[in-house]
Amino acid sequence: MEPRTPWQALARPRPFLRTAWPWRAVAYLASGAAVGAFALLVLLVLVGFSVLLVGLPLLPLAGIALGGLERRRLRLVDRDPAADPHRVPETPGLAAWLRVRAREQATWRELAYAVLLATVLWPLDLIVLTVGLGLPAALLSAPVQLAASGGEEAKVVKAYLVTSYPQAFAAALLGLALLPLLLYPLTALAGARAALGRALLAPREAELRDRIGEVTASRARLAAAFEAERRRIERDLHDGAQQRLVALTMTLGLARYDAPPGPLADQLAKAHEEAGRVLTELRELIHGIHPQVLADYGLAAALSDAADRSTVPVDVEVEGVGEGEGDPVLPRLPAPVESAAYFAAREALANLARHSGAGRARVTARHADGLLRLTVEDDGRGGADPARGSGLTGLADRLAVLDGTLSITSPPGGPTTLRVEIPCGVRSVSSSPRTASSSARD
């Protein structure tokens with residue numbers, strides 16, 4: 001595996017000097033010296049204006065801009081990109097962006113890094129480059145310096161007096177030997193500088209946890225919005241297109257019976273039958289988008305309905321907690337959870353009917369301690385593979401939005417078992433579970 005940082009490159013047995021890492025380190029330190037000098041100039045200007053209370057609000061903004069630049073510059077010596085620690089404001093606009101930035105620790109860490117770079121780090125970068133590259137370069141240029149002085153004498157690195165060409169070439173050889181040796185500590189120091197930059201500019205663990213929480217909440221909102229849109233489409237089809245198609249079917253039926261026998265009556269009969277078939281398909285489509293039984297009666301009834309519609313006999317068993325004998329065996333769960341579990345079961349039943357050759361199947365749903373477990377088993381030939389486009393990959397993606405999981409066990413020859421687990425945040429309130437089972441198409 002390729003090294004990701006200068007320290008990893010230094011630890012490799014491969015000849016370090018044959019890689020690009022020494023020169024990446026030089027580029028990082030040289031650009032750091034240039035950026036730091038410019039940052040010092042900007043900070044001095046802003047501090048000067050802060051006396052008039054004009055530059056003071058701009059200091060954090062300068063830190064944010066510098067932090068973004070430094071995270072990009074880290075790529076010279078760190079192949080793992082440093083993530084942006086800043087959150088995206090929930091509302092658009094400059095005012096919301098400024099409020100969020102002012103409350104973030106990352107903003108003030110970036111300002112602290114800007115001050116540190118402008119006052120301490122860039123002079124250190126310059127010193128390291130002067131020693132690591134300037135000293136060998138000065139020694140290597142000893143013959144040139146002696147020749148420029150007319151061959152009399154030259155003072156190399158302001159300390160070593162050279163009065164002859166043998167001395168000058170000896171100094172050049174010393175510089176040639178020092179250059180590869182000094183590249184090792186120079187690269188190590190560049191790695192330390194990059195580690196300090198990452199520690200101050202990359203997100204902290206707590207910030208990453210907060211961001212994960214935000215992403216989880218955002219995914220839940222997307223799932224809820226997706227379900228709401230499905231219901232809107234189902235309602236529009238049910239109340240709009242289906243009703244108009246029903247009216248058209250009735251009109252064609254009346255016209256069919258009013259028409260005298262002949263070619264016109266035959267054509268009306270065909271149109272009436274075709275309209276009936278279209279109405280049936282539309283009802284199936286509406287049921288597939290969001291079954292009304294799921295919205296009205298919950299998951300247990302919807303699973304029984306899916307089993308009744310299956311071409312393979314299906315036993316349904318649901319287990320949950322109720323408060324009395326008349327209560328449903330499963331509590332009403334959040335709508336996205338019920339919808340995801342129902343469509344997972346329906347997709348599994350459709351797959352086993354098309355591909356498994358099963359003679360019987362079993363659907364089990366259990367809810368306990370805020371977790372819904374759904375299992376679909378069949379006695380078919382097995383060999384189900386999500387990679388073959390059976391719809392299981394899409395189901396897994398849909399469940400992942402709810403932090404759910406999908407697993408499948410399907411050895412060749414069967415049986416096949418599909419397991420779904422979805423956290424639903426609904427806790428059991430009774431101590432004794434009740435079990436109910438029903439058989440479909442016995």
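Me: Is Leu294 buried or exposed, and at what relative accessibility?
Reply: One thing first: this is a predicted model. Leu294 is in helix H10. The cut-off for buried is under 20% relative accessible area. Leu294 therefore counts as buried, at a relative accessibility of 2%.

Me: Which residues does Leu294 contact, leaving aside its neighbours within four places in sequence?
Reply: One of them is Ser339, which is 45 residues away in sequence, yet the two C-alpha atoms are 7.7 Å apart. With sequence neighbours within four places left out, the contacts of Leu294 are Leu299, Ala302, Arg332, Glu338, Ser339 and Tyr342.

Me: Leu299 turned up there. Which residues touch the most other members of the largest nonpolar core?
Reply: That core holds 38 residues. Leu299 has contacts of its own beyond four places in sequence, with Leu294, Leu330, Glu338, Ala341, Tyr342 and Leu372. The core residues touching the most other members are Leu299, Leu303, Leu374 and Ile422.

Me: And which element gives the largest share of this core?
Reply: Going by the elements that give two or more residues, there are helices H10 (292-297), H11 (299-309), H12 (335-356) and H13 (392-401). Strands S3 (314-320), S4 (361-368), S5 (371-378) and S7 (416-423) are on that list too. The largest share is 10 residues, and it comes from H12.

Me: Let's switch to helix packing. How are H2 and H3 oriented to each other?
Reply: Two packed helices are described by the angle between their axes and the distance between the axes. For H2 (residues 21-50) and H3 (residues 58-73), the angle is about 175 degrees and the axes are 11 Å apart. Angles over 145 degrees count as roughly antiparallel. So H2 and H3 are roughly antiparallel.

Me: How many nonpolar residues does the contact of H2 with H3 have?
Reply: On the H2 side you'll find Tyr28, Ser31, Gly32, Val35, Ala39, Leu43 and Leu46. They meet Leu58, Leu59, Ala62, Leu66, Leu69, Glu70 and Arg73 of H3. Sorted by class, that contact has two charged residues, two polar ones and, for the nonpolar class, 10.

Me: What about H3 and H5, how do they sit relative to each other?
Reply: The axes of H3 and helix H5 (residues 105-140) come within 8 Å and cross at roughly 80 degrees. The range that counts as roughly perpendicular is 65 to 115 degrees. So H3 is, relative to H5, roughly perpendicular.

Me: Which residues of H5 make that contact with H3?
Reply: By class, the contact has nine nonpolar, three polar and three charged residues. H3 brings in Leu59, Pro60, Gly63, Ile64, Leu66, Gly67, Glu70 and Arg71. From H5 come Thr107, Trp108, Glu110, Leu111, Tyr113, Ala114 and Leu117.

Me: Staying on H5, what is the relative accessible area of Leu124?
Reply: Leu124 lies in helix H5. Leu124 counts as partly exposed, since its relative accessible area is 44%.

Me: Where does Thr187 stand, buried or exposed?
Reply: Thr187 is found in helix H7 (residues 165-201). Beyond four places in sequence, Thr187 contacts Pro6, Leu10, Phe16, Trp21, Pro22 and Ala25. With a relative accessible area of 0%, Thr187 is buried.

Me: Which residues does Thr5 contact, leaving aside its neighbours within four places in sequence?
Reply: Thr5 is in the segment before helix H1 (6-11). The C-alpha atoms of Thr5 and Ala195 are 9.3 Å apart, though 190 residues separate the two along the chain. Neighbours within four places aside, Thr5 is in contact with Trp21, Val77 and Asp78.

Me: And which residues does Arg24 touch, not counting those up to four places away in sequence?
Reply: Arg24 is in helix H2, and it counts as partly exposed at 22% relative accessibility. Not counting residues up to four places away, Arg24 touches Arg75, Leu76, Val77 and Arg79.

Me: Last one, for the whole protein. What percentage of the residues is buried?
Reply: The protein has 13 helices and eight strands, and it exposes about 24100 Å². Of its 442 residues, the buried share is 39%.

Key
Residues numbered from 1 in each chain as written. Predicted model: local features only at pLDDT ≥ 70, side-chain atom pairs only at ≥ 80, totals over all residues. Heavy atoms only, no water. Helix = DSSP H or I, 4+ residues; strand = E, 2+ residues; numbered from the N terminus. Buried < 20%, exposed > 50% of the residue type's maximum accessible area, 1.4 Å probe, protein only. Areas by Shrake-Rupley, 256 points an atom, 1.4 Å probe, with all protein chains shown as cover. Core = buried A, V, L, I, M, F, W, Y, C linked by side-chain atoms within 4.5 Å. Contact = heavy atoms within 4.5 Å. Axes fitted to C-alpha atoms, helices over the stretch in contact; angles between N-to-C directions. Parallel < 35°, antiparallel > 145°, perpendicular 65-115°, else oblique. Nonpolar A, V, L, I, M, F, W, Y, C, P; charged D, E, K, R; others polar.
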